[in-house]
Amino acid sequence: MSSSRPQWSKRSLTAQAMGHVDPITKAVVPPIHVATTYIRDEDNAYSSGFVYGRPDNATIREAEGVLAMLEEAEAGALLFSSGMAAATAVFQALDPGDHVVASKVMYWALRNWLMTEATRWGLSVEFAETDDLDALRKAVIPGRTKLVWAETPSNPLWTITDIAGAAEIAHAAGARLAVDSTTASPVHTRPLTLGADIVMHAATKVLNGHSDVVAGVLAGAKTDAFWNRIATIRKMQGAILGPFEAYLLMRGMRTLHLRAAAQARSAMTLAERFSDHPKIARVLYPGLPQHPGHDIAAKQMEGGFGYMLSIQLTEGEAAAIRTAARVTLWKRATSLGGVESLIEHRASIEGPGTPCPPDLLRLSTGIEDVNDLFQDLDGALRSS
């Protein structure tokens with residue numbers, strides 16, 4: 001970007017995919033680059049900066065540029081073939097024997113991987129209530145802990161970790177802080193500006209927002225040996241995203257700010273309206289003043305509290321399952337962050353050992369009319 005050009009807002013830059021115009025056709029939508037190999041120069045060098053399709057693709061780099069801008073990531077961003085590929089690459093960049101501390105309440109698939117594959121990898125994994133800084137401080141071992149992994153808001157209880165406080169604890173012990181910010185999105189939280197070293201997103205979710213792409217991304221605060229090792233892992237293990245998926249992701253991100261804001265408003269409205277519902281024992285949403293993490297969320301989130309909430313039913317697990325079966329506008333499906341609203345009995349998905357209460361329904365709020373969403377779920381609750 002030219003130094004004489006105004007510094008447009010993130011919303012404007014995202015809407016125009018950084019303002020890229022194709023130099024040949026003058027198209028305002030960047031083309032999809034699908035080549036897997038590139039011509040060498042006469043001196044056998046690659047002055048274009050592109051060598052082979054596994055680590056190098058112009059479409060992927062353009063999407064990474066948007067993500068790095070959104071997260072204010074000095075090291076840039078790395079797109080992966082899935083959120084799990086992105087997350088596990090961070091842990092694989094550690095050495096066998098390293099101690100890591102992770103949020104006790106977190107995305108179940110990654111938690112399972114940490115309890116199984118990561119230990120076979122040779123990592124020492126400890127889970128802690130990262131929303132409690134005293135508990136986190138006790139779990140971290142100075143000189144031995146190399147990574148603290150915090151998910152905030154955490155899935156599916158939406159607990160809030162103080163990112164700045166967690167970063168201070170991690171750094172004092174000689175560890176890095178990585179934050180899974182999938183449900184906040186860079187619209188509401190930018191962990192790197194709060195002291196985190198790495199931020200991860202399952203880009204499948206609200207970043208893409210249309211339930212048609214599986215992708216993951218890491219953004220780094222600085223380029224160092226650890227970050228370079230992550231990039232090498234992506235390259236050597238072939239975990240990069242495909243160009244068509246990168247194109248779809250960039251297409252989705254153009255409306256990110258509009259979608260995220262609308263979804264957060266609807267989630268807040270639903271949380272407030274369901275708070276005194278006779279069939280609901282508890283609403284979990286960080287935007288509610290009674291939420292234990294509300295004050296921290298209000299400090300580190302801006303423009304809303306995200307699109308995810310959960311409800312716990314007064315009549316227990318059976319009523320929760322019946323309710324999920326009786327909605328019509330809400331869709332009974334896994335995942336989150338899309339334009340369609342989803343409902344899920346999460347404990348059934350996670351299985352034995354889950355910290356998710358059996359009476360809980362997880363809600364991903366889309367962009368439908370909020371009154372319709374309320375009426376549909378209210379009717380299902382009352383008939384269960």
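Visitor: Which elements do the buried residues of helix H4 pack against?

Guide: In this predicted model, the partners of H4 are helix H3 (83-92), strand S2 (99-103), helix H5 (117-120), strand S3 (124-128), S4 and helix H14 (346-350). Packing here rests on contact, meaning heavy atoms within 4.5 Å.

Visitor: Which residues of H4 are called buried, and what makes a residue buried?

Guide: H4 covers residues 108-115, and its buried residues are Trp108, Leu110, Arg111, Trp113 and Leu114. The word requires under 20% relative accessible area, therefore each of these five names falls below that cut-off.

Visitor: How many bridges link S5 to strand S6?

Guide: Three bridges link S5 to S6 (residues 198-201), in the parallel sense. With at least two needed, this too counts as a pair. Across it, Val179 stands opposite Val199 in S6.

Visitor: Why is strand S5 described as mostly covered?

Guide: S5 spans residues 176-180, and four of its five residues are buried. Those four therefore each have under 20% relative accessible area.

Visitor: What kind of unit do S4, helix H7 and S5 make?

Guide: S4, H7 (residues 163-172) and S5 make a right-handed β-α-β unit. The hand is called right because, with the strands pointing away from the viewer, the path from the first strand over the helix to the second runs clockwise.

Visitor: How does the span of helix H11 compare with what is expected?

Guide: H11 (residues 256-274) has 19 residues and reaches 26 Å from its first C-alpha to its last.

Visitor: How do you know whether the whole chain agrees with a compact globule?

Guide: A compact globule of 384 residues would have a radius of gyration near 21 Å; the chain has 21 Å, so the two agree. The C-alpha trace spans about 75 × 50 × 35 Å along its principal axes. Of the 384 residues, 55% count as buried.

Visitor: What share of the contacts join residues at least 24 apart?

Guide: Among contacts between residues at least 6 apart in sequence, the share is 71%.

Technical notes:
Residues numbered from 1 in each chain as written. Predicted model: local features only at pLDDT ≥ 70, side-chain atom pairs only at ≥ 80, totals over all residues. Heavy atoms only, no water. Expected span 1.5 Å × (residues − 1). Buried < 20%, exposed > 50% of the residue type's maximum accessible area, 1.4 Å probe, protein only. Rg over C-alpha atoms; globule rule 2.2 N^0.38 Å.
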